Amino acid sequence: FYVKVQNNKAYIANNVTLDFEQDSRNPVHTIRIHAYDAGGLRSLFPTEVQITVQDVNDCSPVFDRSNYTGGVSENELVGTFVLQVSATDCDISPNFRRIRYRLPVSANRYFRITLASGIIMTRRTFDYETDQRLFDFNILVQDVS
């Protein structure tokens with residue numbers, strides 16, 4: 001941080017980008033400021049300014065793996081567990097770490113996903129002889145903050 005004086009007013013500015021995730025152990029910065037008169041004499045009573053870096057929602061969720069594979073036997077009941085996907089968000093504040101999963105429209109006929117947990121279950125029963133055997137689709141994960 002540095003102090004910039006302009007039109008007889010002092011402004012505190014930063015010369016580096018502040019990142020809460022990188023500096024979360026010490027998010028409070030204390031600056032001691034001394035005033036000087038026109039003759040160069042320093043005041044006897046400096047002031048301290050505390051600046052607190054706050055978290056913002058600046059991280060996007062990322063899947064823990066690049067590919068997931070699951071399976072289900074034919075004639076299983078509707079609601080049978082297929083697999084669970086998982087993603088994480090590097091934001092530290094709990095309000096910014098909440099994520100939600102979604103399936104593409106093409107997969108919604110066959111499967112459903114729990115928004116918060118990423119558990120994928122069947123939406124119908126499958127017949128090995130008559131139904132599609134392989135489903136390949138992308139799952140969307142979004143930040144809900």
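Modeller: With burial: a residue is buried under 20% relative accessible area, exposed over 50%, and partly exposed in between (1.4 Å probe, protein chains only). This is a predicted model, in which local features need pLDDT of at least 70, side-chain atom pairs count only at pLDDT 80 or more, and totals for chains, interfaces and linings use all residues. Residues are numbered from 1 along each chain as its sequence is written, and side-chain values use heavy atoms, with hydrogens and water left out.

Biologist: Is tyrosine 110 buried or exposed?

Modeller: Tyrosine 110 is buried, because its relative accessibility is 13%. Phenylalanine 111 has a relative accessible area of 5%, so phenylalanine 111 is buried too.

Biologist: How is a pair of aromatic rings described?

Modeller: By the distance of the centres and the angle of the planes. Rings of Phe, Tyr and Trp (its six-membered ring) pair if their centres lie within 6.5 Å; planes under 30 degrees apart are stacked, over 60 edge-to-face, and the rest tilted. The count here is nine aromatic pairs. In one of them, tyrosine 110 and phenylalanine 111 are tilted, at 6.4 Å centre to centre with 50° between the planes.

Biologist: What is a nonpolar core, and which residues have the most contacts inside the largest one?

Modeller: A nonpolar core is a set of buried Ala, Val, Leu, Ile, Met, Phe, Trp, Tyr and Cys residues joined through side-chain atoms within 4.5 Å. The largest has 15 residues, and those with the most contacts inside it are Val85, Tyr101, Leu103, Phe111, Ile113, Ile120 and Ile139. Strands E6 (81–84), E8 (99–102) and E9 (111–113) each give two or more residues to this core. Strands (E, at least two residues) are DSSP runs, numbered from the N terminus.

Biologist: Where is phenylalanine 96, and what does it touch?

Modeller: Phenylalanine 96 is in the loop between strand E7 (87–88) and E8. Its relative accessible area is 22%, so phenylalanine 96 is partly exposed. Contact means heavy atoms within 4.5 Å. Leaving aside neighbours within four places in sequence, phenylalanine 96 is in contact with residues including Asp55, Val56 and Asp143. Valine 56 is 40 residues away along the chain, yet the two C-alpha atoms are separated by 7.5 Å.

Terms used: Helix = DSSP H or I, 4+ residues; strand = E, 2+ residues; numbered from the N terminus.
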